[in-house]
Amino acid sequence: MFAEVGASGWYILGEQVREFELRLATYWGGGCAVGVASGLDALEISLKVLGCRPGDRVLTTPISAFATTLAIVKVGAIPVFADTTDQGQLDLNACADLLERRRDIRYFIPVHLFGNPLPPGELRTLRDRFELSIIEDCAQSIGASTRGEYRREFTGQVGQMAATSFYPTKNLGAMGDAGAILTPDAKLAEQAKALRDYGQSAKYRHEWIGYNSRLDELHAALLAQVFLPRLDAWTQRRRDIAGQYDARLVNPHVRALGLPTGACPSRHLYPVLVAPDRRDALLAYLRAQGIVGGVHYPVAIPDQPAMQAVPFEQFTNLMRAREFCRREVSLPLHPYLLAEEVERVIAVVNAWSG
Ligand SMILES: *Cc1c(COP(=O)(O)O)cnc(C)c1O
């Protein structure tokens, strides 16, 4: 495959990218996919395509990868943060309250955090009731679905657009940076294709102020031919491991997050909650046993130093989000964990004295 791309002499935005876009769109249940250079770019370009302008308000969550907010700030828009639930997910009731009071908010980036799908019915209600332009952040939720009224529904089907990332540690990771935009609307997809390539509508005709956010042929070929065909098996393995953690972690000092009802998460991460003053102790204890825990995320986005330099708004004091950030630990979860490693994580966590 490396030889095939090498011999073609065409390294960026070619046949491999087109093929990957087709396969990704098919995997995702139809519509159009547009390959870009990263998940951040997928979000930023989608905001541009939907007409988001400097000063526009964009509702989003205080707990996510920083990229979610960065995309908003980079187009000159103003992030508006609503609080999360104590599971760390954006609180859609709080969003409804806020949108009721703030009819000027037209844009919304919900995040299917940890691969737990937000309920599509509630997202749809918000979209229609407040006439929102929605970009779903699906960087952690590829393969995650929810039981709908008639069929299972992948995340990313409610928004006019959705963004995903193929950062190496994501459920579908490339051997480098890459991302994609998904949309059911062919016109929006065309716009995104122009914006990723200097805003060209035709060769050397620059219709818009665009980006250099082109996807490489090599990444696209790897994703289409090697990694995407393995995604379902990888997701299944993640679900098996997470299911074992759900069933067998019994330490009262370590609380797993409940699963959203009717949802089939992609199990991107396995977060647990501990007492805020015991988090470092748990991480150190795990490390001493040769187990690497993570923290997603240690700081709520509005509390990041970079945010002091830009305008943003927060609705309420985001108490639950900030509390979540003090308590979260992510246990090891990836498709190549061996059965004995999973056993060890369970035994070691269960043996922690708190
Ligand atoms: C990884 C991630 C992104 C950004 O993707 P990159 O490819 O790293 O730019 C955005 N949102 C969430 C929720 C992510 O996890």
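A polar side-chain atom of Q140 is placed 2.9 Å from an oxygen atom of the ligand, a polar contact in the sense of a pair of N or O atoms within 3.5 Å. The structure is a predicted model, in which local features require pLDDT of at least 70 and side-chain atom pairs pLDDT 80 or more, whereas totals for chains, interfaces and linings use all residues. Side-chain values rest on heavy atoms, with hydrogens and water left out, and residues are numbered from 1 along each chain as its sequence is written.

Two or more residues of the shell are supplied by each of α3 (39-49) and α4 (66-74), helices being DSSP runs of H or I with at least four residues and strands runs of E with at least two, numbered from the N terminus. The ligand is surrounded by 13 residues, the closest being G39, L40, D137, S165 and K170 (a heavy atom within 4 Å).

A separate element of the description is an open sheet of three strands, ordered β7-β6-β13 with antiparallel pairing; strands pair if DSSP finds at least two bridges between them. Because β7 (152-154) and β13 (263-264) stand at the edges with a single partner strand each, one side of each lacks a neighbour in the sheet. Strand β6 (residues 145-147) is joined to β13 by two bridges in antiparallel orientation, and T146 has A263 as its bridge partner in β13.

Note on methods: Polar contact = N/O pair within 3.5 Å; in protein donor to acceptor, adjacent residues only side chain to side chain.
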